[in-house]
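Take a moment with the model below.

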Amino acid sequence: METAYAIIFFMFGAVIGSFLNVLADRLPHDKSVVMPPSKCPGCSRRLTPADMIPVLSWLVLRGRCRTCGEKIPARVFWVEAITGLTFAFLYLYFGLTPVLWAALFYAAVTVVIFVIDMEHQLILNNILLPAMAVALSISLFSGQIDLAPTPLNAGIGAAAGFGIFLLVYIVSRGGMGEGDVKLGALAGLMTGWPNIIVAVIMSWIASGLVAIAFLTLRRKGRREAIAFGPFLALAMFITFLWGDQIIDWYLGFFLK
């Protein structure tokens, strides 16, 4: 039965991933996510249900339009597959508990922020603001939802996340975007205090290591910007799941 549920959650996640692809394609260009219906960018043929089966359609079509052969970005496949796998993992990890639904929502938010910021270096208010509202609502049920911070901790975390990245934004004189500052507030609402500090440090370490790797491999120049949002988005999600364990692990070095 557990395996069957895991498959169901994978399929559910893949469907959500398909919708996240639509958001990633349309929101950065201020387009409606409802109309017009999806179509091939090459031949403008309206996509049929058979063209939009998550994961499977991309594999069957080998990443190309069945009519004109226009290449379908690999991102379409990976977002659907990764979201599906993440949903299945979260079900297996939490079971059918209240925290599962919060984790699924945060996973979807993480994926769409990651993709849009990687491709466009944008963190959009029409994703952040609804996500903040939901995160605040989740904190109101912290007694029933394990891992969710209390409203007070969520508020302190949001203030800390916003303040830390606002300071970085001011000091760096534009080296960090305004969207990153607001994402810091969302991270604080998700993780609470003091776990927001874990998310901040983790994002800085990860972004620093990737920047060093890019410079070493000459994938980026010294003056070329690297999107920070994806690192903070992943860090806040990981911290939501395992922030307390990370803090306990770290403090364990000093309490032995």
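Predicted model: local features only at pLDDT ≥ 70, side-chain atom pairs only at ≥ 80, totals over all residues.

Which residues of H5 are buried? They are Ile-127, Leu-128, Ala-131, Met-132, Ala-135, Ile-138 and Ser-139. Look down the axis of H5. Its buried residues fall within an arc of 125°, so they line one face of the helix.

Now check the length of H5. The helix covers residues 125–139, which makes 15 residues. The expected span uses 1.5 Å times one less than the number of residues. That gives 21 Å for H5, and its end C-alpha atoms are 21 Å apart, so the two agree.

Next, the empty space. Rolling a probe the size of a water molecule over the atoms shows where such space is left. How many cavities of 30 Å³ or more are there? The count comes to one. About 50 Å³ of space lies in the largest cavity.

Its lining is made up of Leu-147, Met-190, Thr-191, Asn-195, Thr-239, Phe-240, Leu-241, Gly-243 and Asp-244. Helix H7 (178–191) and helix H9 (229–255) are the elements that give two or more residues to this lining. H9 gives the most, with five residues. By type, the lining divides into four nonpolar, four polar and one charged residue.

Methods
Residues numbered from 1 in each chain as written. Heavy atoms only, no water. 1 Å grid on protein atoms, 1.4 Å probe; cavity = no way out; pocket = protein on both sides within 12 Å on 5 of 7 lines; lining within 4 Å. Points joined across faces, edges and corners; volume = space filled by probe spheres on them. Helix = DSSP H or I, 4+ residues; strand = E, 2+ residues; numbered from the N terminus. Nonpolar A, V, L, I, M, F, W, Y, C, P; charged D, E, K, R; others polar. Buried < 20%, exposed > 50% of the residue type's maximum accessible area, 1.4 Å probe, protein only. Arc of directions from axis to C-beta.
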